[in-house]
Amino acid sequence: MSSSTKSDYANIKLGREGAIGIVTLNRPGALNALSMGLIRDILAGLTELESDPDIKSIIITGGPRTFSAGADIKEMSDMGPIDALKAGHLEIFDQIQTKIKKPIIAAVSGYCFGGGLELAMACDMIIASESSRLGQPEINVGVMPGAGGTQRLTRTIGKYKAMDLILSGRQITAREAFDWGLVSRIVPDESYLSEAKRLANDLASKSPLAIRVAKECVNKALDSNLSEGVQFERKNFYILLGSEDKAEGMKAFSEKRKPVFKGK
Ligand code: CAA
């Protein structure tokens, strides 16, 4: 399959391979440290892919040595509270979760620290290579996670493990992260990207409507009580019953063939 790029960004590479879009963080000299420019480019790239009707699923990745070593400490060292408030770059992590309706897979290799882990946690699935390392080391530079880490991590792995990671700033292995429910799959180092592409292609073959609504419902579980969440799920399930994709999926099942979904 061929890879094509439509737009040029200073800090990311944006690729398309069939129905999947790939955002590659591209500040290798700074271990993909999340400068404001990089964070803005990530959202712009994702927004471009979100509005492309040919793209059905998205991968965010870095390079083999690093997914991202976190927020750009050099940039942050001169930043005051009002600068950060005005820049609004930390809000972008929430926008990734709320604005992008297509499924996003974080393909992680190497370092995945601080804001890098927060970026991965704003995605829908995390595929990590065996030797990758994850952590929230912000405490070591006198701050704490500021892009959703204290909240998303705690909801994902629970209070005591989250406290362990955030207060000690230690690194954990992909295996530990997997055992804690922090990554979806661990794969051999050489296949983190190919496995992410395989998964992205698989997601691209499903009903885009069902994927979108299921993603919203799972995210709702992190943000609501059980009865609210179950009600949200039920109403969304009813909505899907009216879709052409539901008719096609069930017809294809009866006819013992593969469904062809149109996202309608
Ligand atoms: N910000 C800016 N630059 C960074 C960086 C970061 N987070 N992480 C690495 N770099 C730069 C280094 O300064 C270095 O640049 P120079 O060659 O110009 O000196 C280059 O990337 C390579 O880094 P190292 O030489 O340190 O590479 P290493 O392999 O020896 O160590 C590392 C890798 C363990 C990841 C180490 O670089 C490190 O500890 N980085 C900082 C990790 C961190 O504290 N992240 C949290 C940031 S705060 C945050 O994320 C807040 C938030 O939640 C929003």
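This is a predicted model: local features need pLDDT of at least 70, side-chain atom pairs count only at pLDDT 80 or more; totals for chains, interfaces and linings use all residues.
## A partly exposed tyrosine

Residues are numbered from 1 along each chain as its sequence is written, and side-chain values use heavy atoms, with hydrogens and water left out.

## Rings and a charge

What kind of aromatic pair do tyrosine 111 and phenylalanine 113 form? The structure holds one aromatic pair, and in it tyrosine 111 and phenylalanine 113 are tilted, at 5.5 Å centre to centre with 35° between the planes. For such a pair, the ring centres of Phe, Tyr or Trp (its six-membered ring) must lie within 6.5 Å; planes under 30 degrees apart count as stacked, over 60 as edge-to-face and the rest as tilted.

The charged end of lysine 220 sits over the ring of phenylalanine 232, 4.9 Å from its centre. To count as sitting over a ring, NZ of Lys or CZ of Arg must be within 6 Å of the ring centre and within 35 degrees of the ring normal.

## Around the ligand

Now look for the ligand. Of the 22 residues around the ligand, Ala69, Tyr111, Gly115, Glu118 and Glu138 come nearest; a residue is near when one of its heavy atoms lies within 4 Å. By class, this shell has twelve nonpolar, five polar and five charged residues. In this scheme Ala, Val, Leu, Ile, Met, Phe, Trp, Tyr, Cys and Pro are nonpolar, Asp, Glu, Lys and Arg are charged, and the others, Gly among them, are polar.

Glycine 115 uses a polar backbone atom, 2.9 Å from an oxygen of the ligand, and glutamate 138 has a side-chain N or O atom 2.8 Å from a ligand oxygen. Taken alone the ligand exposes 980 Å², and the protein buries 66% of that. A polar contact is a pair of N or O atoms within 3.5 Å, and accessible areas come from the Shrake-Rupley method with a 1.4 Å probe.

## Helices and a strand in the shell

Which elements supply at least two residues each to the shell around the ligand? They are α2 (73-76), β7 (111-113) and α5 (115-122), and the largest share, three residues, comes from α2. Helices (H or I, at least four residues) and strands (E, at least two) are DSSP runs, numbered from the N terminus.

Eight of its eight residues are buried, so α5 is largely enclosed by the rest of the structure. The buried residues include Gly115 and Glu118, two residues that are also listed as coming nearest to the ligand.

## Positive phi angles

Most residues other than glycine have a negative phi. Leucine 31, in the loop between β3 (20-25) and α1 (36-50), has a positive phi near 50°. Lysine 256 has a positive phi too, near 55°. You will find lysine 256 in the segment after α12 (244-254), and at 77% relative accessibility it counts as exposed.

## Distances along the chain and in space

Lysine 197, in helix α9 (residues 192-204), is 138 residues from isoleucine 59 in sequence and 7.5 Å from it in space. Lysine 197 is partly exposed at 22% relative accessibility. Glycine 263, in the segment after α12, is 17 residues from lysine 246 in sequence and 9.7 Å away in space.

Other pairs give these values. Aspartate 94 belongs to helix α4 (residues 91-99), and its C-alpha is 24 Å from that of glycine 110, 16 residues apart along the chain. Leucine 85, in helix α3 (residues 81-87), is exposed at 62% relative accessibility.

Methods:
A polar contact is a pair of N or O atoms within 3.5 Å; within protein, one must be able to donate a hydrogen and the other to accept it, and residues adjacent in sequence count only if both atoms are side-chain atoms. Buried means under 20% relative accessible area, exposed over 50%, partly exposed in between (1.4 Å probe, protein chains only).
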